[in-house]
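Q: I am new to this structure and would like to go through it step by step. Could we have it on screen before I start asking?

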Amino acid sequence: SPPQGYYTRRAGIGESGDFVTSPEISQVFGELIGIWCISEWIAMGKPKAFQLVELGPGRGTLTDDILRVFNQLASLLSKCDVSIHLVEVSPKLSEVQALMLTGGKVQSNPEDESAYMKGVSKTGIPIFWYRDIQDVAPGYSFYLAHEFFDALPIHKFQRTEKGWREVLVDIDPEVPDQLRFVLSPSSTPATENFIQPEETRDHVEVCPEAGVIIQRLACRIEKDGGAALVADYGHDGTKTDTFRGFQNHKLHDVLRAPGTADLTADVDFSYLRKMAQGRTATLGPVKQREFLKNMGIDLRLQVLLQNSRDPATHEQLLHSYDMLMNPKKMGDCFNFFALLPHHRLAHPDTKQKPESKSPLPPVAGFGELLLK
């Protein structure tokens, strides 16, 4: 909602907000994702240009950390034309991003241009802002969606003796200024369209918008190459009721004071895989701690600890590592999932020896055995 929506009215990310994200906890998180992009760029033969496209970039911290890596590896990228494309609907957040990434040096574009704002990063890389993924020009791209899909609206469904019913929001007749959940009296268009016939759960959450976005990403990757990396709370088609609110880092009743809390639902990665419709290969989901370990977080932590003489910095580094990796904190509840072109995972020698069982070229972060 433009006037009342949570993301359009307030930027609730960070210590002083309602929730904190991995890039806000440690610079290492974004650095490793930057390394992931470069490693895939190399594996795909170092194309002459790539777009880094981030969906829902928050305060811009992740892109900022990735740009630092690109700058450190500038000699490697010297012959590559890199540009940054941010898909952001919140005017408030785009201002915060502009300040972080360009020092506030941005200009608004005329209405008829696809990007509504543009600027140049502190390291000289062009940055563009869009309201919709479809406004981003086609081309070889790395798409990042970190804690993006969990914020999209969901439909909730309950299995009953009379078949599937949609969970709807109603005004409570007992308390007129309060909301309540009710079941639809009969089947709704959503129950007809979004429940898979093979569904075994009794309660299901479906995010059609996530399905549409994944289809768009899969089409783009199939046509232009590149990859998409999704990192989010989630499950592989096993969980049921995960819809919840956060305010001041505490759980909040989703029906109380609408527009004042962050609303979230776990991402169903099995649904995202289905929606890719075989256009791309899919990898994962793997747990965040596995992905970061595979990407070399332990080595990076050692380097940072050795380079720092300050005990407070040491403590901060160890604390943030624990937040990201501890299974009881973010290590197990966040997952990584990727879309890649089929040819990226083709056996290199199948042309000569079809019976060959050589391992697939590994994709950074995912190990070698998670191809689905």
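Q: What sits over the ring of Tyr116?
A: The charged end of Arg131 sits over the Tyr116 ring, 4.0 Å from its centre. A charge counts as over a ring if NZ of Lys or CZ of Arg is within 6 Å of the ring centre and within 35 degrees of the ring normal. This is a predicted model, where local features need pLDDT of at least 70 and side-chain atom pairs count only at pLDDT 80 or more, while totals for chains, interfaces and linings use all residues. Side-chain values use heavy atoms, with hydrogens and water left out, and residues are numbered from 1 along each chain as its sequence is written.

Q: And which residue lies over the face of Tyr233?
A: That is Arg244, at 4.8 Å from the ring centre.

Q: On to aromatic pairs: how many are there?
A: The count comes to 11 aromatic pairs. Rings of Phe, Tyr and Trp (its six-membered ring) pair if their centres lie within 6.5 Å; planes under 30 degrees apart count as stacked, over 60 as edge-to-face and the rest as tilted.

Q: Why is the pair of Phe291 and Phe366 edge-to-face?
A: Because the planes of Phe291 and Phe366 are at 75°, with the ring centres 5.4 Å apart. The pair links distant parts of the chain, 75 residues apart: Phe291 is in helix α9 (residues 288-294) and Phe366 in the segment after β17 (334-340). Helices (H or I, at least four residues) and strands (E, at least two) are DSSP runs, numbered from the N terminus.

Q: Are those two buried or exposed?
A: Phe291 and Phe366 are both buried. Buried means under 20% relative accessible area, exposed over 50%, and partly exposed in between (1.4 Å probe, protein chains only).

Q: Which residues form one aromatic cluster?
A: The cluster is formed by Trp36, Trp41, Phe50, Phe70, Tyr140 and Phe142.

Q: New topic: where is His146 found?
A: His146 is in strand β6 (residues 141-146). His146 is buried, with a relative accessible area of 8%. Leaving aside residues up to four places away in sequence, His146 touches several residues, including Thr21, Phe29 and Ala231. Contact means heavy atoms within 4.5 Å.

Q: What order does the open sheet of 3 strands have?
A: The order is β13-β12-β14, with antiparallel pairing. Strands β13 (250-252) and β14 (262-264) stand at the edges with a single partner strand each, so one side of each has no neighbour in the sheet. Two strands pair if DSSP finds at least two bridges between them. Strand β12 (residues 244-247) and β13 pair over 3 bridges.
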